[in-house]
Amino acid sequence: MKNQLTPELTRRFFLKSSAAIFAGAVAGGYTLRNANAVALKEFRLQAGQSPIRLVPEPSGVTNTWCFNGQVPGPEIRVRQGDRIRVIVDNALDEETTVHWHGMRVPNAMDGVPHLTQTPIASGSTFTYEFDAVDAGTFWYHPHQRSFEQVGRGLYGPLIVEESAPIRVDRDITWVLDDWRLTADGQISNDFGNPHDMSHNGRVGNTVTINGRVPETFSVHQGERIRLRLINAANARIFGIDFGEHEPVIVAIDGQPVAPHKPEDNLLVLGPAMRVDVVIDMIGGVNQRYTLTDTFYRGLKYRLVDLVYADTPLRERAPGWDMQLPANPLSEPDIQNAERHEVTFNGGMMGGMVMQEMGGSMGHDSMGSMGSMESMGSMMTMMHSGRIWFINGVAAEGHIMDPMLTLHHGRSHIIAMTNATAWHHPIHFHGHSFRVLSRNGRPTSHREWQDTVLMAPKERVEIAFVADNPGGWMFHCHILEHQAAGMMGVIRVTEPGERT
Ligand code: C2O
Ligand code: CU
């Protein structure tokens, strides 16, 4: 089945009065609306099956699930302050939804099945509509059985341009993905197998940039590129070594950060994370430089080669300013914030699934898992797919009681402990948070993120103002971990609601 739609479906409406756009637009309160929005931009996405050439010939094409017959799905590109309307058609054989990862949308537009909407049935349509409150690099993907739907290719970039962007020669988006392909180039059907679920997720064997196994990327000497990196993989963590080139990080998860070089010149992106870097092409004409992914010990590989053209663009790197304008985020009041503790448990460790029994075991008493009784209940947990726990609870499906209820308008600190032997990129919907500290040490940039990668045993403190009412997902973005329980709901009360 082929679902080719015209990619050029952007319509632009200039409205005389901003009041007109909001009339009857979407039910529910817009707390983050931009009253000055002047443009409504409409897009159509159709989720369906399509053959895609991921791997160069002589390999065959790969049967994927994707949006509008392309991997990644079409880039949704708007200006900050625009209103976005996306009409989603579901041509899959199963239910789906679309989540706008990192966008601070009203709860009803968040795309979480059963929590914020009824899933979009096969053959039906749902219209999403929300304002681009923040400028930055975002992405979209289903939230319904995401470990398979995203894993088969359903995702796309969503770019919100600043009204006054920083100056660069080229603005490039690289959507990184990782596929598990069989010898004949098809997607391996072992989605959600117990091993992936209980270890580091579905790490594949084929890495693509913008839906294609990359060979080379052409650049010019002296050129300045803004590179927007999006990790759309289910589970693979990327650690990109730029070699002689020195990328400068200007935004993380869409949010501006003081321009700085990555530690050890290694750019680390957990699943769902985005990093915007500015790179000056300091190499010489006709030269070739290799970018390497070195994240997993002993498994480093060549990601892509930068190939310089035979003519320079300019002699030396330009000195243009790299600082992006701030987004309208509420600054948390750290002194008066409410504190919450969250512990992640579970997963394989020494051949056993480590879980929180009875809810009272701290991360330091995890070793005591010997009794036959707990072994038995462990096996039951594994068979039911409950392998990972947040504060002792493994989620099943998207319907669940809130693990935390936060007062609207208040500042909150969540102190998170990764009591497992694995990395976890922890994502919170509807908000961006400041990463305050790691293992008790203040971070150097107090970066705003929506997905924070936690190393094994790491403690991370995040802070934010709960300014977006509704029920929001809080989960690991290794999609197999999410499916195996590492997911919860944080509820933000309605303004003025008493609890
Ligand atoms: Cu990118 Cu809950 O998702
Ligand atoms: Cu995880």
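This is a predicted model: local features need pLDDT of at least 70, side-chain atom pairs count only at pLDDT 80 or more; totals for chains, interfaces and linings use all residues.
**Exercise 1. Strand E8**

*Solution.* Start with the two faces. Next, check burial: with the cut-off at under 20% relative accessible area, six of the six residues of strand E8 (residues 136-141) are buried, so the strand is largely enclosed by the rest of the structure.

Now look at the partners. Strand E6 (residues 99-101) runs antiparallel to E8 and is joined to it by three bridges; here tryptophan 100 has tyrosine 140 as its bridge partner. Five bridges link E8 to strand E9 (residues 156-161), again antiparallel, and phenylalanine 138 is paired with leucine 158 in E9.

**Exercise 2. Arginine 202**

Find where arginine 202 lies and what its side chain reaches.

*Solution.* First, locate arginine 202: the loop between helix H3 (194-198) and strand E11 (206-209) holds it. Second, take its accessibility: arginine 202 counts as buried because its relative accessibility is 4%. Third, follow the side chain of arginine 202, which reaches the backbone oxygen of serine 188 at 2.7 Å. Finally, list contacts beyond four places in sequence; among them are Asp178, Asp190, Asp196 and Glu480.

**Exercise 3. The copper ion**

Identify the protein donors of the copper ion (ligand 2) and their spacing along the chain.

*Solution.* Along the chain, they follow the spacing H-x51-C-x4-H. To finish, check burial: cysteine 476 and histidine 481 are both buried.

How values were computed:
Residues are numbered from 1 along each chain as its sequence is written. Chains are lettered from A and ligands numbered from 1 in the order in which they are written. Side-chain values use heavy atoms; hydrogens and water are left out. Helices (H or I, at least four residues) and strands (E, at least two) are DSSP runs, numbered from the N terminus. Buried means under 20% relative accessible area, exposed over 50%, partly exposed in between (1.4 Å probe, protein chains only). A polar contact is a pair of N or O atoms within 3.5 Å; within protein, one must be able to donate a hydrogen and the other to accept it, and residues adjacent in sequence count only if both atoms are side-chain atoms. Contact means heavy atoms within 4.5 Å. Donors are N, O and S atoms within 2.8 Å of the metal (3.2 Å for Na, K and Ca); water is not among the atoms, so sites may look incomplete. Two strands pair if DSSP finds at least two bridges between them.
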